[in-house]
Amino acid sequence: MSSLRKTLRALAVAVVSAALVAPAVPARAEPSPAELTRRIEKSSAELERVVEAYNELREKIKANKADADRLQARLGPLEQQAEQSRADVSELAVTAYKTGNLSTAAALLRAEDSTALLDRISTIDQLTRQRQERIATFTGDQRRLLAEKTRLDVTLERQAAQARQLTTAKTRIERDLAKLYELRRQAYGRATEQPASRSDSARDAPSVAGSAGVAVRYAYGALGKPYVWGADGPNGYDCSGLTSAAWRAAGKSLPHNTRMQWGVVAHISRSELRPGDLVFYSNLGHMAIYVGSGQVIHAPTFGRNVEKRSIDLLTPYGYGRVR
C-alpha cells in the first residue's frame with residue numbers, strides 16, 4: 001500500500017511540474033479596430049456590388065412589366081381583328097356552299113351574250129380578289145396575334161425567372177448585411193451611425209440655375225439621412241437611389257442603377273464638371289452627385305449617412321451629365 005501511495009505521489013508531482021513548465025497556450029487575440037475597419041470596408045464594397053446588381057435586376061423587371069403591359073394592350077384589338085377576319089372567311093365559305101363556287105367555266109356555260117359574259121367574268125374576278133384579300137387578311141391577323149402571344153409568354157417567363165433571382169439576391173443581401181452590422185457593432189459599438197442633424201442642410205446648397213439646381217438642392221436636403229440599400233428616398237438612399245431621386249425631383253428619369261445611369265448620361269471630362277453632374281467610381285460600383293467646389297454628395301455605404309465629401313473620396317471612373 002505504501003509503495004502505491006509513493007507512486008501516486010510521484011505521478012502527482014510530475015503532473016504539477018509538467019503544468020508549470022509547459023508553455024502557455026496563447027489566448028485568441030480579438031481583432032483590432034483597424035482590422036475590423038478593414039473587414040468592414042471590404043465587406044461593404046463587395047455587398048454594394050451585390051446591391052447594384054439587385055437594383056439592375058429590379059430595373060429590368062420594371063422594363064419587362066412595361067413590355068408585358070404594352071403587349072396585353074395590343075392583344076385585345078388584335079384578337080378582335082382576328083375574330084372579324086375569321087368571321088369574314090366563314091361568311092365566304094357559307095356563301096360558296098349555298099350558291100355554288102362561281103368559276104370562269106360556269107360563266108362561259110351560262111352566258112347569253114358576249115357583253116353578259118365579260119360582265120360576269122369581271123364580277124367573278126373581283127369577287128375572287130376580295131376573297132383572296134380577306135383570306136390573306138385573316139392569315140396575317142392570325143400570325144400577328146400568335147407572334148404577340150408568343151412574345152408575351154416569353155416576357156412573362158422572363159419576369160418570373162427574374163422575380164426568383166430577386167428573392168434569392170435579397171436573401172443573400174440580408175444575410176451578409178447581418179454579418180456586416182455585427183462587425184460594425186464590434187468596431188464602433190453600434191451598427192449604424194448616429195442620425196445627423198439636417199435642419200438647415202438644404203439652405204446650405206449653392207445657387208445653381210435650372211434643373212441641375214433642383215437636383216443639387218435635393219441632394220443637400222438628403223444630407224444626414226441613412227444609407228438604405230435599394231432605397232431612393234425620401235427617408236433613406238443607396239448611392240444610385242440618391243442620384244436618381246435628386247434628378248427625379250428635377251423632372252428627369254434615371255434608372256436606379258449605377259451602370260444603367262452611366263449608360264444614359266452624356267460622358268464628359270473632369271474639366272467640364274458643373275453642379276448636378278454625376279461622378280462614377282469603383283468600376284461603376286458607386287456614384288455621387290457633384291455639387292461644386294470639388295465636392296460631391298453621396299450615400300456612402302451600409303450603416304453610414306448621406307454625406308458631402310471631396311470628389312476624390314475614391315478614384316473616379318468617369319463623369320456624366322444628365323441629358
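This is a predicted model: local features need pLDDT of at least 70, side-chain atom pairs count only at pLDDT 80 or more; totals for chains, interfaces and linings use all residues.
Residues are numbered from 1 along each chain as its sequence is written, and side-chain values use heavy atoms, with hydrogens and water left out.

First, the overall layout. The protein has seven helices and six strands. Helices here are DSSP runs of H or I with at least four residues, strands are runs of E with at least two, and both are numbered from the N terminus. Read from the N terminus, the order is α-α-α-α-α-α-α-β-β-β-β-β-β.

Next, burial. Of the 323 residues, 35% count as buried. Buried means under 20% relative accessible area, exposed means over 50%, and partly exposed lies in between, with a 1.4 Å probe and protein chains only. The protein exposes about 19,300 Å², and carbon and sulfur atoms supply 54% of that. Those areas come from the Shrake-Rupley method with a 1.4 Å probe; for residues, only the protein chains shown count as cover.

Now contacts, meaning heavy atoms within 4.5 Å. Take the contacts with a separation of 6 or more: residues 24 or more positions apart account for 65% of them.

Of the 21 residues that line the pocket, the closest to its centre are E41, S44, P300, T301 and L314. A pocket is found on a 1 Å grid over the protein atoms alone: it is an open set of points where a 1.4 Å probe fits, with protein on both sides within 12 Å along at least five of seven lines, and lining residues have an atom within 4 Å of a point.

At least two lining residues each come from α2 (33–99), α4 (114–188) and β5 (307–310).

One of the central lining residues is S44. S44 sits in helix α2. It is buried, at 5% relative accessibility. A polar atom of its side chain lies 2.7 Å from the backbone oxygen of I40. Leaving out residues up to four places away in sequence, S44 touches L180, T301 and F302.

Let's move to helix α6. Nine of the 11 residues of α6 (residues 239–249) are buried, so the helix is largely enclosed by the rest of the structure. Among the buried ones are C239, G241, L242 and W247. After α6 comes G251, with a positive phi near 90 degrees.

Y281 lies in β2 (residues 278–281). Is it buried or exposed? Y281 is buried, with a relative accessible area of 0%. Its side chain reaches the backbone oxygen of I311 at 2.6 Å. Beyond four places in sequence, the contacts of Y281 include H286, V296, L314 and Y317.

G318 is in β6 (residues 316–321). G318 is buried too, at 7% relative accessible area. Beyond four places in sequence, G318 touches W262, L278, V279 and F280. G318 and M287 are 31 residues apart in sequence, and 9.6 Å apart in space, C-alpha to C-alpha.

Definitions and conventions: A polar contact is a pair of N or O atoms within 3.5 Å; within protein, one must be able to donate a hydrogen and the other to accept it, and residues adjacent in sequence count only if both atoms are side-chain atoms.
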